[in-house]
Amino acid sequence: MRRLLALRVRGELKTGHVRVAADALGVSERTVWRWLAEAGHDERAADEPGARAQTGTRFTITPEVRALLALWKGNVAAVQRELAARAAGRPVADVGTQAGPPPDVPSLTTLHRAIRRDLTPGERAGLAGGERAARKHDVFLARPRSWRNHVWETDHVQAPVLVDVDGRARRPWITWFTDCATNAITGVAVTPGDPSRESVLAALRSAVLREEPYGPFGGLPEKVRVDRGKDFLSRTVTAAFDLLDVTVEDLPAYTPHLKGTVEGLNRAVESMFLAALPGYARQPRPGKRASRPKDEVLLGFEDFTGRLLDWTLWWNTEHQPAPLRGKTPLEAWQDDPTPLRDVPAADLWTFTLEDAGTRTLTTRGIRFMPHHDHRIEVYHAATGRYLGPADLADQATDEQISAVRRARASRTRRLKKDLEASQRERYAAVNQPEALQRLGALTTAQAEAELAQTADADLAQLAMPDLIPPAAPPADWRTPASLAALTTPGPPILHPSGRGGASVPDGRDGRATPLTTDEDGDAS
């Protein structure tokens, strides 16, 4: 190194000399140039090239640095500026004007090196993006494999595929149950709109039944894991699980790793099946704004459901998940000798109905599938014996239902537009620090008119016209019987017709006869 330094001092150092030295020392040429620069400032560095100066201490990450990393969302340069500003006692904006950080503040390179050394990747991600970002770096242990129908997991997942539903592009929801021991999809239900407890019950029936077209997977599980979804914990669903003698394990919030089997299925169905369908919503598209092609033809809901069921069959019979070590879910299921608990289809249908309570239809009770108002199942209120289905007699036609839905949607859009207009606030733009100025001036007459209208509406809501029934009219008035029943019996009350008079019909021609009062207040 001293020979190279001497050549550099005489101006005879060539790139070939540095290349030969780098090959001999097993380092890069850039490293040799850096060593020469250090040796130019300190001759001791020429004797021990690459040796760092021993200062006795090295910078480590302190609680203050961790707090600043969280404050600045992992921006190391911003943390370094903050440390320099605190050391200099100046605002952060003034730090950039000085040549370098104070002597007791680490350089940006030193701070980066300390963060990489003292903080794990999970900690760095958590300080920058929160707990959810840190969770991606966590290592979770896998549960040991048990036996079939020991534990099931269930979940809703919204398919990232646009499907034609009555002329509208919508993303359907998939509800399914999966067996943790064999990775088999035991039951599935597809909903065009938001899922509900009816979706859970439909998927549960297809999961438990082993008859065609559901088998051979099925039977009753010992336990089902859910993730605090209100549909899975509804009264109807929990009652069905209780009747079937199935334990429901309610997992803590924000712990998808505790039901990794179904979460893995949610990810697999997108990458292995949904991404290839027309209408895939997450498909990379050219241009700044992702938009659907105008000539794109979407799948119908029935076609989408059929393709999903075909993929489910492929998953169960041909796919070989890694945890099964070369077996398909069907082979793993058939190789398991664990006995199964079956439920007759009629009993299962009864257990998965929602009890609507007792209705006075002679001596019968009514039970129905949630949201299935077109058909109800009738049971005897005392014995619980199944009497049969009852269909809605005066059900509206499809055209009438479509017209009602369009009217409701139009009314909803109009109401939403009115509410947004009433709550919109506009403020003037400023380029200097000053108090905000609300836009939207009103005249005094406009303000008073709107306030009066609001006051009238509020008083109308508070009015209780039936609290004190009106007094009975005069006996000779022609009052309908329906109105007479709503009045209070008693002597008729004289109604004023001017400053000091009242009038009542005379009973002959229906005209009002004026009444006058004397000085004592008696009518004449």
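**Packing and backbone features of the predicted chain**

Among contacts in the protein chain between residues at least 6 apart in sequence, 50% join residues at least 24 apart, a contact being heavy atoms within 4.5 Å. The model is predicted, and local features need pLDDT of at least 70, side-chain atom pairs count only at pLDDT 80 or more, and totals for chains, interfaces and linings use all residues. Residues are numbered from 1 along each chain as its sequence is written, and side-chain values use heavy atoms, with hydrogens and water left out.

The protein chain has 18 helices and 14 strands; these are DSSP runs numbered from the N terminus (helices H or I, at least four residues; strands E, at least two). Of the 524 residues in the protein chain, 31% are buried. Buried means under 20% relative accessible area, exposed over 50%, and partly exposed in between (1.4 Å probe, protein chains only).

The largest nonpolar core has 23 residues, of which Trp176, Leu274, Phe304, Leu308 and Trp311 touch the most other members. Such a core is a set of buried Ala, Val, Leu, Ile, Met, Phe, Trp, Tyr and Cys residues joined through side-chain atoms within 4.5 Å. At least two residues of this core come from each of β2 (163-165), β4 (173-179), β5 (185-191), α12 (260-272) and α13 (301-317). Leaving aside neighbours within four places in sequence, tryptophan 311 is in contact with Trp176, Ile185, Leu265, Ala268, Val269, Met272 and Phe273. A second, separate core of 21 residues includes Leu220, Leu244, Val343 and Leu348.

Helix α13 also holds threonine 305. Threonine 305 counts as buried, at 18% relative accessibility.

The axes of helices α10 (residues 197-208) and α11 (residues 235-243) come within 9 Å and cross at roughly 25°. Axes are lines fitted to C-alpha atoms, for helices over the stretch in contact, and angles run from 0 to 180 degrees between N-to-C directions. The two helices α10 and α11 are therefore roughly parallel to each other, the term for angles under 35 degrees. In this pairing, Arg197, Val200, Leu201 and Leu204 of α10 meet Thr236, Val237, Ala240 and Phe241 of α11. By class, the contact has six nonpolar, one polar and one charged residues. Here Ala, Val, Leu, Ile, Met, Phe, Trp, Tyr, Cys and Pro count as nonpolar, Asp, Glu, Lys and Arg as charged, and the others, Gly among them, as polar.

In helix α7 (residues 108-118), the buried residues are Leu111, Ala114 and Ile115. Seen down the axis of α7, these residues fall within an arc of 100°, so they line one face of the helix; the arc is that of the directions from the helix axis to the C-beta atoms. The buried residues of α7 pack against α5 (63-71), α6 (76-88) and α8 (121-129). Helix α6 contains alanine 87, which is partly exposed with a relative accessible area of 41%. The C-alpha atoms of alanine 87 and valine 105, 18 residues apart along the chain, are separated by 7.3 Å.

Most residues other than glycine have a negative phi. Asparagine 149, although not a glycine, has a positive phi of about 60°. Asparagine 149 is found in the loop between α9 (131-135) and β1 (151-158) and is buried, with a relative accessible area of 5%. Aspartate 166 likewise has a positive phi, near 55°. This aspartate 166 is placed in the loop between β2 and β3 (168-170) and is exposed, with a relative accessible area of 74%.

Note on methods. Parallel < 35°, antiparallel > 145°, perpendicular 65-115°, else oblique.
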